[in-house]
Every structure is written in structure tokens, then in C-alpha cells.
Amino acid sequence: MKKRILTRFTVIMFVIGLMTAIQYNTINEPDIRDTRDVWEIRQELAREKQLHSQLLSEIESLDDTLNKYKATADASPEQALRETAGELRSAAGLTETAGPGIEVFVEPSMEAVAMGLEIEGISPDLLIRLVNEINRYNGLYVSIDGKRIINTTAIRDINGQTTVNTKPVDTPPFSIKIISESMEDSEKLYNHLLASRILDDFYIDNLTLTVSEPKDDLIIEAYDGTIDTNYLQASEGE
Amino acid sequence: MWLSILGLILGISLGLLTDIQIPPEYANYLSIAVLASLDTLFGGIRAHLQQVYDDKVFVSGFFFNIALAAGLAFLGVHLGVDLYLAAIFAFGVRLFQNIAVIRRIILAKWAEKKEVRETI
């Protein structure tokens, strides 16, 4: 009798153990499965490599600056500092910049003129889209209607007017100047803009985008406001 | 007693090693089934300790409870009422009661043994 009870208990325990283990297996299934195919992984790798090379070039330029400091430290440290300050100012957009680039003209579309439609200002959304497109394709320095785009530039609607750096943008026509790193990059940007879908987006708003051929020597105005640095803090480092 | 623990270990290791999985929709049913079987198990142990153990009651209770709990959960899913909560509540309460009774019986036995030893 006792043996039979024991057998029953053993069988029941076995079933319980089995069920518990299966439940455990089911619950502990990995939540997110990696479903990327080879192509997606390759793309991710390409992105990371790009970032890698970007970081390397940054390191190189910083090393250059460091070497320059070291070389001129004895002779004239002031000169080196001045140079760096100049470089930083130009990177921040505080100086007039010249270089290879293209000019983009925003004009009312022929149909709108022919139909006698009222020409409305460009919408901030469209302008932001255009700037994003430019940034995506090697645009380095940009000015819209003479207003230089810097890191803190806001493109937004103020009292019904589209503004850049809080200054209103003219109703079309106006021009956008874009400087790139090299002539080659300018050509790439030119081709990209010509083929871009953003032209259709402009057309919906009764505007056309005319892109000029890349020019060797384009000049972009300096940022004329003051840059707010209220929230900047000195970094703690060497 | 050791044989039953061996059975438990055997079951767990078999389940883990074979890596059987059920669809996640059914995980609910299985968890209730596990609860039901635990309830039956402790009920059986208690009955055994109280000398009222019956083989048929134990085995039929095991399967019937599991089926009832899973069926209740199934019905609840289709009616939109969380009926499985009823099963969890019932089994949970009974589980605690059974364990409490088992503990008392074991304590009583232990005290008895101690008394016997002291009298000797």
C-alpha cells in the first residue's frame, strides 16, 4: 500500500516538474528576436563605420590643433589662440564664409502667377524640410534669404510670418545659399536636390525651386545676432 | 519520500533539457494547471498525514482539477470575464490551508516525539 502511494506521488511530482519546466521555458523565451537580415546588418555596419571615420577625422583635426599649439607655444601663444578662436568663430557661423557651393532660388510657380493666386510666404515646415535635406547631403554652411543658419537657429512661425533667427523671411522670390566642403560635394548636393522629392513638396505650396549650377566661389553672410550662452558651462577636464 | 522528490527533479530536468515550449497564449492555462496540481499534491500529502488518503480521490482530483481550472480559464477568455482568477483564488486559499494543516500535523508529531524522548 505504502509503495503504491509512493509511486502515485512520484508520477504526480514528475508531471508537476515537467509542467513547471515547460512553463519556465515558455515564459523565459527571449522577448526581442533579432530578425534583421544580412542587408540590414550591413547597413548598420556601414553607419557605424561612417561614424568611426568621422570620429577619426575629428581626432586628426584636434591633434593638428594640439601640434600647432605645441609648435607655437614658445614663439607666440597668442597667435595660436587667435587662430583657434578664428576657426571656432567661423565654424560657429560668426564670420563671412566663402567656398564652393550652390544657390537655390525659391520662386512662385508659373501656374500660380498665371492664375493670379496670391503669393504666400513659405511655411516653416517646408523650410525645415529643405534645410534637413541640405544637411543630409553635404551642405556645410547655409543662409536663407541672407540669414545665416547656425546651430541654434530656429525656423518658426511668429505671428503668421515664417522667421529664421527671429527675422522674417521675404515672400518668394528669395534665395538660399549653400556652401559645401568641396566642389565635388556641391555637385552631389546639386544633383540630389534636382532629383529630390522636395521639389514636389514645394510645388504643392505653389512654389518652385530653381537650383543653380555649383559655383566656385560663393559668399555667405555672417550671423549677425549674438549667440546666447546662458546655459553653457565650462567643461571640467585637463 | 525521496523517490517522489527524485520524480520532481526528473520532471524538471526533462522539461528543461528537452526545451519544450508551448505557444505564449497557452501559458496562462499551464500556469493554472501547475497551481491546480500543486493544490492536489498538498491535499494528497495532508490526507496521507491525516490517514484519510484515498488513491482514487487523489489521482482523479489531480486530473479533474487541472481540467476544471483550464476549462474555467478557457471559458473566461471567451466570455471576457477573468474566470481564471476564481480558480487561482480557490486553489491559492486551499493551498495555504493544506500547507497550514500539514505544518500543524508535523509540529504535533515532533512535539510528541520529544515528549516520548523526555519520558525515557
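Guide: In this predicted model, the contact takes 23 residues from chain A and 31 residues from chain B. The side of chain A that touches chain B has 14 nonpolar, six polar and three charged residues.

Visitor: What ipTM and pTM does the predictor give the complex?

Guide: The complex receives an ipTM of 0.83 and a pTM of 0.48 from the predictor. For chain B, the mean pLDDT is 87, and 100% of its residues reach 70 or more.

Visitor: Why are H2(B) and H3(B) called roughly antiparallel?

Guide: The axes of helix H2 (residues 27-49) of chain B and helix H3 (residues 55-79) of chain B cross at roughly 150° and come within 8 Å. Angles over 145 degrees count as roughly antiparallel, and H2(B) and H3(B) are therefore roughly antiparallel to each other. Their crossing is right-handed.

Visitor: Which residues of H2(B) and H3(B) meet?

Guide: Among them are B:Ile32, B:Ala36 and B:Gly43 in H2(B), and B:Phe58, B:Phe62 and B:Ala69 in H3(B). By class, the contact of H2(B) with H3(B) has 10 nonpolar, seven polar and one charged residues.

Visitor: What residues make up the contact of H3(B) with H4(B)?

Guide: B:Ala69, B:Leu72, B:Ala73 and B:Gly76 in H3(B) meet B:Tyr84, B:Ala86 and B:Ala87 in H4(B). These residues divide into six nonpolar, one polar and no charged.

Note on methods
Residues numbered from 1 in each chain as written. Chains lettered and ligands numbered in written order. Predicted model: local features only at pLDDT ≥ 70, side-chain atom pairs only at ≥ 80, totals over all residues. Contact = placed C-beta atoms within 7 Å. Nonpolar A, V, L, I, M, F, W, Y, C, P; charged D, E, K, R; others polar. pLDDT = per-residue confidence, 0-100. Axes fitted to C-alpha atoms, helices over the stretch in contact; angles between N-to-C directions. Helix = DSSP H or I, 4+ residues; strand = E, 2+ residues; numbered from the N terminus. Parallel < 35°, antiparallel > 145°, perpendicular 65-115°, else oblique. Left-handed = near helix turned anticlockwise from the far one by under 90°.
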